[in-house]
Structure formats: C-alpha cells, structure tokens
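Here are my notes on the model you sent over.

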Amino acid sequence: MGLPAITEQTQPHDRSQMAGRSSLSATLKQALLNPTAGGLLRVMAAQFTLRPSLRKYLKGVDGWINFAVGLKTHSGTVTQSIAFRDGRISVKGTIPDDADIVLHFKDDDAFVDMFTLPPNEALNLVLKNRVSLDGNPNYLQLFNFLISLMMKDKHAKVLAEEQRKDLAARREEWGEGDDTLSEELQSRPQYRMSCTSRDAGVVGLEDPFLPEYCLTDFPRLELFLEDHLTRKPEICAERAKLLTHWFREHGFETDKNEGELAPEVRQGRAFKHMMSHKAPVIRKNDLLAGTTTRNEIAGATVYPDANGGSIWGELFSIDKRKLIPFDISKETIETLHTDVLPFWAKRNFVEWVRDENGSPDCQTINERWVAYFVWKTVGISHTVPDFGRVLDLGTAGIIAEIEARLNEPGLDEAGRGALLGMTLCLEGIQAYASNLAIEAGRLADREIDPARKAELESLSRTCQRVPHAPPTTLDEAFNALWIVWLGLHNENADTGLSLGRLDQLLQPFFARDLARLTTTEERQAYVKHAIELAGCFFMRCTDHFPMTPDIANFLFGGSASNQALTLGGVTPEGEDGVNDMTYIFLKVTEMLCIRDVNVNARFNLQKNSTAYLDRLCEVNFITAGTPSMHNDDAIFKSLAPHGYPIEDIRDWSATGCVEQTLSGKHMGHTGSILMNLVAGMEMALHNGYHPLMDWHLGPETGDIEKMSSFEEFFEAYITQQTFLIDKAVEYNNMLADVHARYRPTPVLSALLGGCIRNARDATSGGATHNTSGVSNIGLADITDSMLIIKKLVFDEGKVPFKELKEALDSDFGDAQGLQALVQNKIDLFGSGDEAGIEMANRIAERFHQIYNSRRNYRGGKYTAGFWSMSQHVAYGFLSGALPSGRKAGKAFTPGLSPQPFASKNFLDNICDVAKLNPEFMDNNIAFNVKLIPDAQDTREETVNTMKSYAKTYFEQGGMQIQFNVVTSETLKDAMVHPENYRNLLVRISGYNAYFVTLNREIQIELIERTEFGL
Amino acid sequence: MSASALLLEIKGNALDDGPGIRSVVFFKGCVLSCVWCHNPESISRQAEISFDRLQCVGALECIQSCPEGALSRDDPQFIDRDKCTLCFECVEPCPSAALTRVGEEVSIDAVFEKLMKYKPFYDSSGGGVTLSGGEPTAQMEFASRLLERLQAAGVHTLVQTCGLFPYDGFMEGLYPHLDLIYFDLKIFDREDHRRRCGAANDMILENFSRLQQEYEKGGVEVLARTPLIPGMTSEATNLEGIAGFLREQGVSRAQLMEYNPIWHDKCERLGNPIAGQEDPLRQWMPREEFEQCRAIFSDHGLELV
C-alpha cells in the first residue's frame, strides 16, 4: 500500500502486539480515530500546499492532477476524504460522490494497522480483505506516491531495517547453514554424461549431449550471466513515453484529426512511431542486436495502457524493496509521474470495464483476490506467435501478403483497418532494425578490437537484411527472431507470450550452415558458435523483466515473463522431431541455469529416443529445476476432442507455464483465469457466504447440517464454484471486449495464423483457433476434502458435518484428533486408492464440461487446466481450513500434486496422477515432484531413476511432470545463505524462479513439499 | 501350504536394495538377533504393538479401547507391555497412527498383486523385487512360491539373507527363482558372532562357500555385504577376517554398508529403548573411518560396489 509507517516498532509476525505497543495506536483506537485521521490528511494537505518541492507533483504535463480519495470504516468510526482539485486540496468529514477511490476498512484495527504497518505488510490488509477498495486503484497508487514524497526517507529506513531483521530471523529459524550443501549443487555441472546413441534428426553433433562444453568455454555468456545475477534491472519509461506522446497528440479513443480510424490503425501508427524512435541499443559483446528497453543489460518495460499504474505508489521504494528490486532513475520517476501515468489513469482495461459496466460484481470479486484472478487486466498475449513465417517470408513477405489480402474484394472497413494496423506494426519493426544496423555500423567504426569489430560489421549487415528479408543463416535467424520478439514485447505486457518450437524452426539454418563447412575444425567451431548464439538469445530473453509491483511478488512470486520454449516431440507429419538444435538448446539450458526462458520438453513415447529422455533428466538434475516434461500422447488426447487438424495438434507447444497451444495459429489465452477451487468449497460450507470476503455472494445451496447425502453437498459445491466460474468468465469476456475495442494487438495479429486471412485482429477472433484457458487451483485439496466428507460424514457417519465444520471454523483448534484422523487414516488422492482417482477425475470432468460449454468473447471454448503458477500459495494464504486437514493459511498442493502425507511411496503418486484423464485437462496440468539425489549414486544411476519415473509415468498416461532435484536441507541453507544460491532454480507450478527471490510463503511451501529419495 | 506370511511391510520405490527401482518385501521374524539390528521390529516372529510418541496428538481414545488397561498417560512408556496381550484393539481408534500394529499376516495373492502394480517401474529402470526382513528364508515356503510367481511374471528377483538357513531347502525352494543374492557376512569370529548376533556363524560361512561355488559354475550371483557397525563389525580385525575369507573363496566384489544410526528411534517405539549405548552408535560414521574400512577390503583386492 505504501501508506506511511508512522511507527518504527515492527515485529513482522506479531501484529496485535505491535499495534498495542505503539502509543499512536493507543490514541487512535479511542474515540479520536476520526479526528486524528482528518488531522493527518490535513497535515498532508498543508505540506502539499505550502512546500513548492511537493506542490509541483500535483501538476502533470496535462495540467493539475485532479482526484479524490475516501477513507471509511464499516462501523462509521472514520469517514474522511481528501480531494485534489486544480491545485487546491480539501479535507472533509464526508466522502464526495465523485471520489475516485474509497478505502473501506473492515474495522478500526484495520484502519490503525494501515497507518502503522510498513508498506509491504499493509499490502496484506488488502489481500486479506481487511481493507477493500471501491474505485480506481491507480488513484490509490497516486495517493501513495504523494505520501511517499513526504515519507520516502522514513520508508527507506523501515525497509532497510526490515531486511536486517529478516536475515536475523532467518538465521534463528533455519540455523547457520551448511556450505557443503551449496557445494554439492555447484558441483553438478562438473560431470557430464556422454550420449550412447544419436537420434535420426541429429545431423551435425558428434555427441548430442555436448559434454565437452561448459560455461567457462564461453566467456561472453559467463559475463552476461554474472550481470544477470548481480545487477538490478532498470525500469524503463521509453515505450511509455513515446506512446503517451503519440496518443496525446493524435488521440487515443478516437483520432483527433481523422476521427474514424480503426483502433488497429491507431495502435499501428503509435507502435510504428514508438519503434522508429526507440533507441537502438546493442549490448557490449552481444551477438544479437537490440534490447527491449534502453538498458543494455536488463530492463522492465512499463505498460501504462495495461497495469503500469500499479507501480505508481512504489516509484521511490522499488529500488529498495526486498524482493526483485528494480533500479529507477530520477528522470524516469518524473516522466512516469508527470508525463505518463496521469494520462493513462483512466485509460486501461480495468477502468474501461468499470466505467462501462458500473463496477460489476464480477470485477469486484476479482479485486478481492481470493476467488479468481483474470489476466486480461494485465494483458492478452498468452500465446505462441508464428515465427515460421518470419523465417520463411521475412516481414516484407508478410506485408506483401497483407497487401494482397487488402486487394481482395469484399473487405469491409473493419477488415481494412485490422490489416493496415498489421502493416504499420511490421514497418515499425523494420524501422527499428534499420536503426540497429546504423548503430552496429557506428559501433564497428569505433571498435578497436578486430574480432568485435568484425562481429559488429556482421551485425550491421544482418540488421539491414532481417527481419525484413527471410534470414539465410543461423545468425540472421536468431537476430530476426529476437528483433520481432522484442517488438512483440513492446506491444503487450508480460503474460506468458511464448516462443514455441524453436528447435524445429532453426534446425534447417543450422544444417545448412554446417553443410557449407568442410573441415572438422570448422564444423567444431561452428557448433560452438551455435551454442553461443543460442546462449545470447536466452540471455536477451531472460533480461527482459516483467514490471512487477510488490503485490506481484506475493501473488506471482519470482515469476519472470515466462517465455516458454518447447523442444522435441514430433514434426507435424508425426516423425521424430529431436534434432541438433534440440540438444543445443538443452546445452544452453544446462549451462546458464536461468529462470526464463522457461524450457518445456515434449516426449513422444513412440518416436523420441530414450537417449533424449536421459538428456532431459540430466539437464533437470544439473539445473535442479528445468526442463518440465510433457507426454505427447496425453496432450494429443486432450486436444483431439476439439477437432483440430492432426498436423496442428502434433505441432503443439507450451505457453507461459505449461499450457498446450497450437503453435502459431491459436489464440488460446491459456492463462486467462486463475481460479481458486477452494473458494467454492468455503462458500458451499457457508451456504453461499465467503468468510474472508465477508460477503454472501453465492447462491444459497443449503445448510450443510441438513444435508442428507454426499451428492447433495457435492452439487452444492459445484453450484458455488460454477457461480464463481461464470463470474470470472463474465469479467474475462468484458475485458476481452475492451481489449478488442480500445487496445487491439496488430503486432501479434500480423504474426498469428488466421488473422490476415480473416482480416481481423487477434483480440477480435482473427486467429485460426480461438479458446481461453483457465488454471484451476487446488484440485488435490478439493478431491481429498470430498473423499473425507463422503467417508466420514456420509458413508460411515463417524463425524457429524456440524462437528467437521466447527473444526474447520476453529482451524482444528480443538479437533487435532480429527485433523490427525483425516491425514493418517483415510486413503487420499495419491495413495494408490481407486476412490481418490475417481473423485479427482469426477471433479475435473465436471469443471471441464462447465468450461467447455462457456464461450469466450472470440466465440471459442474455455478450456480447463490444473496447474497453479504460484497461486496455490497465495490462495492458500487467503483460504480457511479444509476438510482435508489443511490448516487455514497454508499453501494448497502445487498444481494437482497429491498431499505430502497421501503416500510414502512416490510410485503411488505417479500412478494416481497418471490415471487422470487428459481429456478433462485441455489446458494441461502441473505435477510437481521433489527428488533428493543420493550422493552415493553415479550420475548414470541418478539419471536412470529419473528417466524411469518420467517414462513410466508417461506410459501410464501421465501428462506432465516436473522435478525439483534439491533437498529441503539445501533450501533451508539457501534461506540463510542466499549469496551461495543466486541461481538456484526451483519450479513453482509451471514456471521457474530463483529460490532466493521468492516470498517467504512460497519458500516454505517448497521446503515442506514431500521429498522422495533418488 | 503357506499361502500367507507374517510381513512387516512392502516398501515401494526402493532404490538402495538392488539394481533399479524395486519393491522390498520385509518379512517379520529373524533367526539372528544382532544387537545393532536396524529393523528391530523384524526380529520377533509375532506381531507387535508400536507407539510413536511424536505422532501422538493426545486424542486418548486408545486408553478407553484397551480391555487390559495397559495404556496410561502416566506411564513414561505409555504401554505397559506386561499387561498388553497384543489384541491391537487400540490401533483402530488412534486417529494419528501413533499406535500401529507391526506385522500382518498377508496372503500371497495380496502380496503378488501389490508388487505387480509397480512392474512398469521395474521394467523401465532395470529393477524388480527384493525379499528382505527379518529373514525371508525363515518363511521359506512362502518366499519360494512368491519368487516363483514373480519370476514367471518376468520380474527380476533378489533375496537379502543373513545366511543362516538350511542349504538344501534354500536350493530347492528359492534358488531356482532368484536372479541375485545379497548375503550378509557380519562378523568373522565365531564366538564374537554368537555373542553379538545370537548364533554361531559356521553354517553361514558354509552356505556362502557353497553358493559361491555354484555361482562360479554359472549359478546365481552372490554379493557379500558387511554392515559397518562402529565398535562391532567395523573393527579392522573383523574386516580383515571377512576380506581374507572372501578372497579364499575366490570372491572379487563385495559391499560395505555405511552405518546408519536411525534405528535407535525404532527400538524406542517398540518399548526397548537402548540405554547407555556408546556415543558412536548415535552418530553417522565419520567419512575418514568409512574410507579406512573400505581400504581394508581394497587392500585384499576386493572391488567395492
């Protein structure tokens, strides 16, 4: 929240005591609460009226920034508002009707806490619904920004103190650590297996495992990696500023000059303007030209047209916060505050929906955090563009195709607009590439080192050719991909835009380059160069950071942009797709050990070799957390009922975390909704009332004490959850509508199959295939809860429902026996018991049916996935106790992984998860497994065991599996010695993160995950 | 006909009891009674009651369920084992599984079915089933029939034995159905063996020699294994004795098993806390000491696996 922390007396985990000790709190708690609150606001008003250094911040480029904020407790003990109008500030004991945002405090304590807790803890008040927001959150951010102007020195002190205390607390909790643990991890890359057989598709690599190379053979990559792990990325306002200036001059909602322009054309013109004026930056020593931001090493782009306003309040503290801090220059702060953010405060997806639909319930629920999260509030690009066309045709070829389409008869104005927008965008990308060519030439002229000079000259020639023309070499292909990719990143905020099957696309370039070489030395040098190129590509991708407000560190802890890359599997014709580039990407994955690119490997039981699976497992072991592995057969099964052509199905790739998308032609928005399956359970237990939201929002499905059968309760649950699903769908569709009308995506559309033919933007359904994917979080927890209710309450009548509910309401306070009973004596999902599998399939089938019967804005179906990103921790933190024995606030299981106590035998877990029907899981799953390596085993033995787990799981029908090969002891050591674990990769549920950048709750979830020996 | 056996448990996903991913069938009842036994619950040939203090949530429903009044919060051991008649009435009411029955009579069909569930994992990893204990040869007929069925089903089979068994019965019942034998040689000195393991080792050494001879004739591979127990088996003289014996027998490979101190907790749960044990037994064996032990075997020309 960023409200002032007036007291320094903070004990992070003891809120009540802290509030009690503060003398201010004591004062506030009395009847003086309202006058005190008013007094504080008046102090603020006086400061901003009298001090010119503060007052100047009330004005932006467009004039005075006018807004009003209201504060109110439910009981009415506080009612205050502060309004900023044309430079005048007024504080009142009433809340004006036109207040931009009103903070509703659940009780007086929440109000006092808000003003006494440090900013990061104040955040919890909002998440935990002790403060709810009514209105436009950008204005709360602005209010916080103004407060931070007065308080920033104080905030900095509090943050520094917090961090010092945090490390001390960690030492106390987790001990002093053990250096041998980090040494074990660091030693893993030292031994590297050789390959015993070569796949048919491998044409150039002598040993596809490439054991002869390690990171130190690539000083360039070593340096890039060191930068990545040690330097803060920088918030960059370039994109935001260029777009703002263009739209300010030409109009956003309508064109100031021509008026009737299609929104795609406006977006296209703005994008072309931005790309033409974007600084061409080439990183020192890089083999790829161009950067997403002005910072040559690592940057975060600001998307004010999406969620940019969410960092407004943090601009002065974002460089000091504990988790994933960003550098930010004074100039950037000024630009964002005065030039950019005020212009967009009401121009973004969330506010258009709020404005046009009068704050619908479906939006309010989203803003209460606990039931669902709709990603279209941030962006829409959770898909895989068609890079094949960039490589086959070049952007010029695509433009020619658009021209041809424009000349076809029968095209309406909307179609023309959509197509023109695409052309403009591609021209923008070309303009940027031309600027890069000039910049490379300029740098080459000044370069003294002859080797680098030659590289820069080559880069200059490359950027003159691509992506305009189709690339002819691997160097050109990588540069073309990167330039187009950064163009896409400059259009859409980071929501899992994914790379697709680059091994398939790049193999012809590798093979062609290699065929030109004759001597062994030349060929070896080329292979090394190809590895280095792929490494540079990974580093460029990983150094594009999503701009995350601190709340995202809680909700989506440690998540990068999640640019999924897919390797292996079969070709569209069904032949073995593993090739040289597959292994080159795996080598890079092994050496760099970075969180993003998010590497996903397909394994096809019929066509792919076990040597390839061995290599996947070895890389997974060395990196501890990547790649994630998918079973082609199960994915095919999940997609078949949609009636897609088989060639498209065979060409699937993972998106964002794990989700299957038909590469290059499928607007699958696979991360559109993150749905909490436990929210419906809490509502079913309370007859439609949700305790945390303190809101009777759902239908009345009956008093559980009067229910006479399990089926009655099961249906009550389905009814409540369906209510939430429908609300989320409604909100997602409203957002899709404003995306299409205000902020279409012509760059993405130009690169997504179907959009040109259909002459429609991707947001309007232009792509060949259209669906929206949901991830459903908490399947194992719900399955177990259902099993327990069925058995104990209804089948055996051992525990009355009333007693069970009381146990839940008291968080098992007086019912530890009951908690022990459900955790020890009932066969749960993952125990090997058929009932658990049946129940999980039954629930998944119902939800799948519900989603498939709902239509998205583009006319496509909703699909059902069972992975959790990081929401199993966030939703767990916000949810009450469950019949499964899970206590309030504890994380759910990650993805759909069974509970730790379900079985001591990991094979039972594997078999049960493998029996879930892929047809119900058309948006994939995440099955997380933590394995402990045995120091006595050879690498070959370790890999053999991992391979057996994965292969047998796939043979049994399992869909996806991801291993964390790290012990709890090591994770605990990383809690106290983060410096030894800078790139300790962990898989959360679908994505990778650096353990040391995670919030405490996720860290603990990872430590407490069941571990199985290797 | 022995259609059932008294088993401790069937452990799945075992990675240290033979090649690949295996299931281990732990038989209850042993012919030896080694003082350091790591599976003390496996020695007795009857079912026992185990109480795990750490698991107990204090529900106390067990106390009412006990017909003998053998359970009491005031008893530091919780169970008065003199009063306990092993009726196991207390096990079911205990919600947290702190009270458990150790040892179940299980039918061969049930065991076979459970083991076969994991066959795909044996196949993909080169694993299989291991019979262990306790002493599997002490329930020879059951073991024989189980191995026969497993072998017929294409499962790799292995038996871990203390070596004290009637040779002819073993050769007739188990040998034809085995792929690998893990044979424990714990203490070489006869008297010392009797003192610490409860029986002399003549028959054990004799059995080993004969099996080794069979192996050399193309029979089943036998791997000699020595658990390293500080102050007992890890003494240089003992290791020298065993190593010398193995070389005499023409053996070239053997295994030394690193000491594992966690068995103490198990004893406590069964009501036999080990008092006054020397400190080394509560620690993991220091790395250097382990290496010294290995060196003795290596010096005799034995390859360590």
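1. First, the ground rules. This is a predicted model, so to speak of local features pLDDT has to be at least 70, side-chain atom pairs count only at pLDDT 80 or more, and totals for chains, interfaces and linings use all residues. Residues are numbered from 1 along each chain as its sequence is written, while chains are lettered from A and ligands numbered from 1 in the order in which they are written.

2. Chain A overall. There are 38 helices and 25 strands in chain A; helices (H or I, at least four residues) and strands (E, at least two) are DSSP runs, numbered from the N terminus. Its radius of gyration is 28 Å, close to the 31 Å from the globule rule for 1014 residues, so chain A is as compact as a globular protein of that length. That radius is taken over C-alpha atoms, and the rule is 2.2 Å times the number of residues to the power 0.38. The C-alpha trace of chain A spans about 90 × 70 × 65 Å along its principal axes.

3. Burial and contacts. Of the 1014 residues in chain A, 60% count as buried (20 or more other C-beta atoms within 10 Å of its own; exposed means 12 or fewer, partly exposed in between, with C-beta atoms placed from the backbone). Among chain A contacts with a separation of 6 or more, 78% come from residues 24 or more positions apart. A contact here means that the C-beta atoms, placed from the backbone, lie within 7 Å.

4. Domains of chain A. The assignment, automatic or from a database, gives domain 1 (15-171), domain 2 (191-212 + 503-561 + 564-655 + 927-1014) and domain 3 (232-498 + 739-769). The centres of domains 1 and 2, over C-alpha atoms, are 46 Å apart. Each of these two domains puts 5 residues into their contact. On the domain 1 side, α6 (119-127) and α7 (137-174) of chain A give two or more residues, and α6(A) has the largest share with 3 residues.

5. A histidine to click on. A:His337 sits in helix α12 (residues 330-344) of chain A. Leaving out residues up to four places away in sequence, A:His337 touches A:Tyr57, A:Phe145 and A:Leu315.

6. Where the chains meet. Chain A brings 21 residues to the contact and chain B brings 14 residues. Elements giving two or more residues on the chain A side are α32 (816-824), α35 (906-914), α36 (939-955) and β25 (1011-1013); the largest share, 6 residues, is from α36(A).

7. The sheet in chain B. An open sheet of 9 strands runs in the order β5-β1-β2-β6-β7-β8-β9-β10-β11, with mixed pairing (two strands pair if DSSP finds at least two bridges between them). At the edges, β5 (104-107) and β11 (303-304) of chain B each have a single partner strand, so one side of each is left without a neighbour in the sheet. Further in, β2 (residues 22-27) and β6 (residues 128-132) of chain B run parallel and are joined by 5 bridges. B:Phe26 is opposite B:Ser132 in β6(B).
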